[in-house]
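Subject: A structure for you to look at

Hello,

I am passing a structure on to you, with some notes on what turned up in it. Please open it first and keep it beside you while you read.

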Amino acid sequence: MDKQNANEKQYLFDNPKNVKRLLYIVYACCAVLVLLEFVIHRHIYHSWEELFGFYPIYGFVGCVVLVLVAKWMRTFLMRDEDYYDKLESKQHPKPANKKQTEAEQAQGGNDVDA
Amino acid sequence: MWMPELPAFVPFFIGALIALVTTGKVRQAVLLITPVLSGLHLLTVPVGTVLSFSFLNFELEVFEVDKLSLLFGYIFHIAAFICMLFALHVKDTLQQVSGLLYAGSAIGAVFAGDLITLFIFWELLAVTSVFLIWARRTERAYIAGLRYLIIQVLSGVVLLVGIVFYAYKHQSINFEFIGLNDTASWLIFIAFGIKCAFPMLHNWLTDAYPEATPTGTVFLSAFTTKVAVYALARAYPGTELLVYIGVIMACFPIFFAVIENDLRRVLAYSMINQIGFMVVGIGIGTALAVNGAVSHAFNDILFKGLLFMSMGAVLHMTGKIDGSRLGGLYKTMPKTAILCMVGAASISAFPLFSGFVSKSMVMSAALNNGYGWAWLLLLFSAAGVFHHAGIKIPYFAFFAHDSGIRTSEPPKNMLFAMSIAAVLCVAIGVYPQALYSLLPFDTGYNPYDATHVLTQTQLLFFSALAFVWLNLKNMYPPELPSVNLDIDWFYRRLFPAILTPFFSLFWSIDRAVRGVFMRGVNGLLGVISRHEPDGILSRTQLSGSMVIWVSILLAVFLILSFW
């Protein structure tokens, strides 16, 4: 695969510099958005909103908590990919027709063009 | 054809019939023209149109038009056209005919003026849509389709029982405000709730939708749940229970979405999350909240359709849909990647995209009506949406690590369908007044005030920052080939595990009892059917003994006849 890639043209994010640039843009936007709070007077509807930078903090903390809780949920919810298939194919024996190979699937048209 | 009373589902059913007997280019033309003609016709239908007839003492209103049903009628026509265009390359009679019938059933359901008509289309939705799952023609799709069908038909049966009670009590089958007050209303509520994917009743959606064909899932995502949202908006606005249900729906699926590997299943979870916003809006029940709920349903059909289309295109071209097996596709599918990101921006409610102008109505209504806690949780899930649908879907499919897959852009019709949806998403975001004029209430709401734009952008950018930070710290859960347990574990694992030993015991007892009985019968037959000279039926008998037996029989008859 590497050999193939060597001949291939470079794409936008193959260059780590471009990834860095994108990240800097995100950081800059975040900084500007926080600074804007000094300029724009927010209407307050909920008492929590009075806190300076409530939305940035809530968004950041909310997402970190979301991901960490979801990660913890994996410890008791995650099973093998064929967890149900093993159970259910016993009750429904496989039909005789052949399975597609990976190469065939990669051709596209995988929605059974009859 | 151009009479206002023509029910809007009729063109679709006729179109399906024509599609059944035609092939090739003619059928493709029929598939595309049907929603266009029917939609043009619907534009001429005024509010207040009713087509009714009597049937067994009931006044059936097969076609009743008001502003609420008209809004759903319009979006279902747009969705039907986009879906048909997206699936135009498919040469599968089963999918194309059932697709038209399914869209027609959804349109029939939203224009149903009475509960019996609603019930008929409710069941038709289930029966016509399951073929879009079975059309995948894999074993998994077949079993998942069966589960889907059982649950959907169950919803219809519960609805029917509810309707019978309701009609008996109210002496009316008119489909109007019901409200939670008696058994009948609860049954109807639960029936709507199953199709609306209420928590605990939601698993059919995340189970079956990702197993459908690449094009079938786009159809499925547009209609069934939105019909349920419409039904709730008509029958149960202002039911406080819906606020609690909606908030749970908005929050719990995002956790599953973060760890799910199948990207179309991620979208299915995200769909429950979006419906949660609509259900909260209906539960609050004010003009602004209901407007928010139905306009969010309108927008959700477009942006969720767009996301499902982009993932359908990926599946169609690569044969893979798991985050762990994809990545780097932006190199060969740049147009699809951009269209996907438009959908992602819309569902995340970025300013100038469609989600922004509808989701905020529900949020504002929650604040205005004293549901501060609900607002906080909705805000959390709004950040979470961006995290799993806005970033995760495009990131793991088109960027992330390079999977080495080199493919090409999907067929033109797919790109074209996605482009239409993307243009509509942006158009509604830029010019929301067009959508607002179709809404059932006039509230004069303006989404573009400085506070709202700033706070929403802050929320989203810092969610993005959280994603970046977690990734850089290697704390983001990697995509793993896996299955995550959900409620379906109960009926796919636990119940079979309990019931299988029970039934095997039952069958073994049954087998033993029948064995004893059969041995008795066989023994008796063995005795009777022996043909040797000493066999019971082949012995030579004296004719005199027969005469005696006949006279005994006659004597018994004689004696019995005295009684």
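**Two helices side by side**

Helices (H or I, at least four residues) and strands (E, at least two) are DSSP runs, numbered from the N terminus. Axes are lines fitted to C-alpha atoms, for helices over the stretch in contact, and angles run from 0 to 180 degrees between N-to-C directions. On the H3(B) side the contact is made by B:Ile82, B:Leu85 and B:Phe86, and among its partners on H16(B) are B:Phe416, B:Ala417 and B:Ile420; contact here means C-beta atoms, placed from the backbone, within 7 Å. By class this contact has eight nonpolar, one polar and no charged residues. Ala, Val, Leu, Ile, Met, Phe, Trp, Tyr, Cys and Pro count as nonpolar, Asp, Glu, Lys and Arg as charged, and the others, Gly among them, as polar.

**How to read the model**

This is a predicted model, in which local features need pLDDT of at least 70 and side-chain atom pairs count only at pLDDT 80 or more, while totals for chains, interfaces and linings use all residues. Residues are numbered from 1 along each chain as its sequence is written, and chains are lettered from A and ligands numbered from 1 in the order in which they are written. The mean pLDDT of chain B (the predictor's confidence in each residue, from 0 to 100) is 90, and 99% of its residues reach 70 or more. The model scores ipTM 0.82 and pTM 0.87.

**Inside chain B**

The largest nonpolar core has 203 residues, and B:Leu232, B:Val280, B:Leu306, B:Leu307 and B:Leu378 have the most contacts inside it. Such a core is a set of buried Ala, Val, Leu, Ile, Met, Phe, Trp, Tyr and Cys residues joined through C-beta atoms within 7 Å. Helix H12 (residues 287–318) of chain B gives the largest share of this core, 19 residues. B:Leu232 touches B:Phe192, B:Cys196, B:Val279 and B:Ile282, leaving aside residues up to four places away in sequence.

H12(B) also packs with helix H9 (residues 216–235) of chain B, at about 170 degrees and with axes 9 Å apart. The two are therefore roughly antiparallel.

B:Ile163 lies in helix H6 (residues 139–170) of chain B. B:Ile163 is buried because 22 other C-beta atoms lie within 10 Å (20 or more make a residue buried, 12 or fewer exposed, and in between partly exposed, with C-beta atoms placed from the backbone).

**Where the chains meet**

How many residues of chain B are in contact with chain A? There are 59, and they meet 51 residues of chain A. H18(B) supplies the largest share of the chain B side, 17 residues. That side divides into 34 nonpolar, 16 polar and nine charged residues.

Chain A itself has five helices and one strand, in the order α-α-α-β-α-α from the N terminus on. Of its 114 residues, 13% are buried.

Best wishes

Methods
Contact = placed C-beta atoms within 7 Å. Parallel < 35°, antiparallel > 145°, perpendicular 65-115°, else oblique.
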